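Here's a quick tour for anyone meeting this structure for the very first time. Have a look at it, then read on.

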Amino acid sequence: MSSVEIRSISKQFGQTVALSDINLSIPDGSYVVLLGPSGSGKTTLLSILGGFEAPTSGSVLIDGRDVTGMPPAKRPTATVFQDYALFPHMSVAANIKFGLSMQGSSRQERQRKSEGMLELVGLTNMDKRRIHQLSGGQRQRVALARSLVIDPEVLLLDEPFGALDLNLRRQMQNELKAIQQRVGTTFIHVTHDQDEAMSIADLVVVLNAGAIEDQGLPSRVYLKPATIFTATFMGDNNLFDGTIQGLNEDIVELDTQLGLLPLPKKSLSENFWSAEFKINRPITLALRPEQIKATLYAESAKNDSTLETADPFQPGHLELGQALLREQIFVGTHHTCTFIHQPSECVIMAHLPQREPIEIGQCYRLSALSTDIVLFS
Ligand code: ATP
């Protein structure tokens, strides 16, 4: 178990800036996921942590010790690669014992530790199998066992489930998280899969174009993203333009594509107040599809008189106006619906519960909890 400190790491490949001034503190024993789109610098950062790439500038400290210039074999790290990098001609047990042989462990110790690892990753009795006789998921477990058996302080995992089908991927994610909790080693895991990051990370770090966009608990990063990039990369989001119109007591008035919206002051972050609040300032409002409530009007949108008879909304809900349902896709857990807001014509995506009445071409009344809205300047 060990903490990792990344200090002002930058990396250039010729003219390409892969990483730019990355600073990150990774607490002891935590499960960290580096999340970002292709080319955002995740693998480069992981390679620098493992000693496979040297940074152009900056330093890496593990447990307070500067390891920046240290070769991979000397570092207290082990890496699980996407292609597993197993020795195909060796048995499962020989693969697992390999690192222990390099460390000069005795035969008995190699046997004992290998058996323990096989049990940990659920491969007891598979020790004599050759690698080509294993499924993708089993190979993944061998790769994990081979890396963990040498007792690294930090385990680095580069897209470890990249080659697995979705069901196995989800199963392995749960198992990996459970293994990490059992062994207590610091895990740093690279992925571009937001669901994977959400389900296993203690700390999620969102990378974009070589810089950190956001970092924190998955729930915080998802519900209150720090940047527009994070808001749209972590799951779906609706973005609406607007300006700040006014402030009275506890309410901020926003002039948006959806009309005038009164937003309780307390639903905005402190950062917004200290730096970003100015009348007429352009803002972007983000609202996730599952945070939008859509209620079907009793009759068609053409009949305006029905609008007045609609049920009042719950306290804390903001009215977002009316919208026509243009498309819906049933995805099992919900309906993914595309609405056209009236009269602005802006497109709004909303998830409607399975049993909600879905009527294409009909008018719905939209609302959301004011506390779910996130503002960006
Ligand atoms: P992916 O998810 O596709 O693996 P990534 O987020 O891991 O992407 P990196 O592989 O770290 O991204 O690459 C970051 C940037 O650095 C990219 O623009 C890439 O083209 C560039 N890059 C990476 N390795 C090299 C290299 N050896 N030589 C030149 N450019 C490189």
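## Helix α4, end to end

Start with α4, a helix of 13 residues covering 136–148 in this predicted model.

Is α4 enclosed or open? Eleven of its 13 residues are buried, so α4 is largely enclosed by the rest of the structure. If you want to find the buried ones, look for G137, Q138, Q140, R141, V142, A143, L144, A145, R146, S147 and L148.

The cover over those buried residues includes three helices, α2 (92–102), α3 (107–120) and α5 (166–183).

## Around the ligand

Now over to the ligand. The residues around the ligand are F13, T16, A18, P37, S38, G39, S40, G41, K42, T43 and T44. By class, that shell has seven polar, three nonpolar and one charged residues. Both β2 (16–26) and α1 (42–50) supply at least two residues of the shell, with α1 giving the largest share, three residues.

Which side chains come up against oxygen atoms of the ligand? For K42, an N or O atom of the side chain is 2.8 Å from a ligand oxygen. A polar side-chain atom of T43 lies 2.7 Å from a ligand oxygen, and for T44 that distance is 2.5 Å. Taken alone, the ligand exposes 630 Å², and the protein buries 58% of that.

Conventions: Residues numbered from 1 in each chain as written. Predicted model: local features only at pLDDT ≥ 70, side-chain atom pairs only at ≥ 80, totals over all residues. Heavy atoms only, no water. Near = heavy atom within 4 Å. Polar contact = N/O pair within 3.5 Å; in protein donor to acceptor, adjacent residues only side chain to side chain. Areas by Shrake-Rupley, 256 points an atom, 1.4 Å probe, with all protein chains shown as cover. Helix = DSSP H or I, 4+ residues; strand = E, 2+ residues; numbered from the N terminus. Nonpolar A, V, L, I, M, F, W, Y, C, P; charged D, E, K, R; others polar. Expected span 1.5 Å × (residues − 1). Buried < 20%, exposed > 50% of the residue type's maximum accessible area, 1.4 Å probe, protein only. Contact = heavy atoms within 4.5 Å.
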